[in-house]
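This briefing covers a pocket, a surface patch, salt bridges and backbone geometry. The sequence and structure are shown first.

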Amino acid sequence: MPHRFLLLSASMGAGHDAVAHELAHRLRARGHPAVVRDILGMLPAGSGRALRTGYRGTVRHAPKLYGAVYASFLATAAAPGPRPSSAPLAALAERPLLRTVAELRPDVVVPTFHLSAQVTGRLRARGALEVPAAVVVVDFAVHRGWLHPGNDLHLCVTEAAAAQVRSALGGPARSTGPVVPARFFRARDVEGRWRALLDRHVAAAAQHTRPLSAERPAVLMSTGAWGVGTRLMETARQLADHGCVPVLLCGNDARLRHRATRHPGLLPLGWVTDLPGLMAATHVLLDNAAGQTAAQALAAGLPVVGHRPLPGHAEAGVRAMAQAGLSRYAAGAAEPAHSAHELAFPGPARARLTAAARAALRGDPVDELLELAGRVVTADSRTA
C-alpha cells in the first residue's frame, strides 16, 4: 500500500533542498508519492525572501555577527538563563502548513530544515497536526532549532547526533547517515574531462609558479551554493605555495569567481553540475561548513579536511564531523597543506577516513520513514 509523504525544506543555500529532493526521489522509486514544499513560502508574503536575504548577507559580510546570533538563538551549549527562540516565526507558518496537509493528506510530514521542525513540533504537541512528523537532521552538530519534543522521530547523520537528540528530548532518534544521491557513490570522471581540465590548468600555472610535480594533489575548496568563506584567497595561496592545486568551488557567486581568476595557481569554478566527476578527479575536499558537499565527498571516497569553518552552526558541524572520525579538522600554520598531502594518496590516514565514511553511509532514512508510515496506517485500520 503506497504511503504519502510531505517533505518540508527551505531554500537557505542548497543543502536542505538537496536532502529533501533526494528523499522524495527514493520514496517515489519505491512507489510512494512524495511532495517537497519550502517552509519559507509558508511565511507571510515577502518574509521568507527577507529571511533568506538577511541570512545570506550576514554569513557573507558579517560572519561574526551570525556567530553571535547562533550562540544566542540556537547553540545547545550556552550560558544559563532565558534565551530568544524561533517560536514567533514558526507560528506564522502553522496555518499555511495545516492547509497544505489538508490538501495533500500525507501519512508522514518530514522536515529537513530546523524551522520546519519547530512548526511541526508545535502543531503535533497540541494535536493540531494529526499525522506524525519525522525530522531528518542534516547537520552533523544538532542545535536547538532541530529539537522540539512534539516531533515523533529524529533521523540523524551520526550516532553522536542521535544520542544528543535522545538526551535532550527523551524521544526516539536514530542514526541513518547522510542523505547523498547514488551518483556520488559511483563517482567517475567520464572520459577524463575533469582530469584534462586540471592538467591544462597545471600547465598554465607553471608559467607563474615553480614547476609542478605529477603528484601535486588537487584540493577542492568548498564554499557552498553562495560562495561563502573566510580568507579564501589566502588559503588558496598557502595551498599553492606548498605544492597543491587549489580548485575553488564558487557556487553561484560570479564576483568571487572573477576575483579568484586574478590569483595564479588557483582554478575557480562556477556552479558545477557534474560534482561527482570533479570529486573523482581531485584528491581532497577542503570544507568550511560540514554541509552537503562534505557529505557527498564521503560518498565519493574523497577525504574531507575542515579548515577555517564559518562561525555558528558551520563551525559546530565541522568540529562534530571530525569528532565522529569522518574528517580531519586542520588548524595551525602548516595547515591545510599538511593534511592535504597526507590524505591525498593511499596510506593509513586516508584509509581510516574512507572506512569511517563507508560505515556512516550504510543506512537509509527512507526505511525508517516507511516503517513509521506503516505503523500509522496499521493503527488507523485497527481503530476504524
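Helices (H or I, at least four residues) and strands (E, at least two) are DSSP runs, numbered from the N terminus. By that scheme, P336 lies in the loop between β12 (328-329) and α15 (337-344), and the peptide bond from E335 to P336 is cis, with omega near 5°. The model is predicted: local features need pLDDT of at least 70, side-chain atom pairs count only at pLDDT 80 or more, and totals for chains, interfaces and linings use all residues. Residues are numbered from 1 along each chain as its sequence is written, and side-chain values use heavy atoms, with hydrogens and water left out.

**Salt bridges**

- The whole structure contains 17 salt bridges, each defined as a side-chain nitrogen of Lys or Arg within 4 Å of a carboxyl oxygen of Asp or Glu.
- D367 is partly exposed at 41% relative accessible area, and R30 is partly exposed at 39%; the classes are buried under 20%, exposed over 50% and partly exposed in between (1.4 Å probe, protein chains only).
- R126 pairs with E94, their closest N and O atoms lying 2.5 Å apart. Because R126 is in the loop between α6 (114-125) and β4 (134-136) and E94 is in helix α5 (residues 94-104), the pair ties together parts that are 32 residues apart in sequence. E94 is buried, with a relative accessible area of 7%.
- E234 and R308 meet in a salt bridge of 2.8 Å, N to O. The partners are 74 residues apart, with E234 in helix α10 and R308 in the loop between β11 (304-306) and α14 (313-323).
- Salt bridges that share partners join E22, R26, R30, D364 and D367 into one network.

**Positive phi values**

- R308 has phi near 45°, a positive value in a residue other than glycine; R308 is partly exposed, at 22% relative accessible area.
- E191 has phi near 60°, also positive in a residue other than glycine. E191 sits in the loop between α8 (182-185) and α9 (193-205) and is exposed, with a relative accessible area of 81%.

**Second largest pocket**

- The second largest pocket holds about 300 Å³ of space. On a 1 Å grid over the protein atoms alone, a pocket is an open set of points where a 1.4 Å probe fits, with protein on both sides within 12 Å along at least five of seven lines, and lining residues have an atom within 4 Å of a point. Grid points are joined across faces, edges and corners, and the volume is the space filled by probe spheres set on the points.
- The lining has 15 residues, of which R60, G227, G229, L256 and R259 lie nearest the pocket centre.
- Helices α2 (47-61), α10 (232-241) and α11 (254-260) each supply at least two lining residues.

**Nonpolar surface patch**

- L65, V69 and F73 make a nonpolar surface patch of about 240 Å². Patch residues have over 30% relative accessible area and no salt bridge, and nonpolar side chains (Val, Leu, Ile, Met, Phe, Trp, Tyr) are joined within 5 Å. Accessible areas come from the Shrake-Rupley method with a 1.4 Å probe.
- L65 is placed in helix α3 (residues 63-73) and is partly exposed, at 49% relative accessibility.

Technical notes. Patches are made of residues with over 30% relative accessible area and no salt bridge: like charges are joined within 9 Å, nonpolar side chains (Val, Leu, Ile, Met, Phe, Trp, Tyr) within 5 Å.
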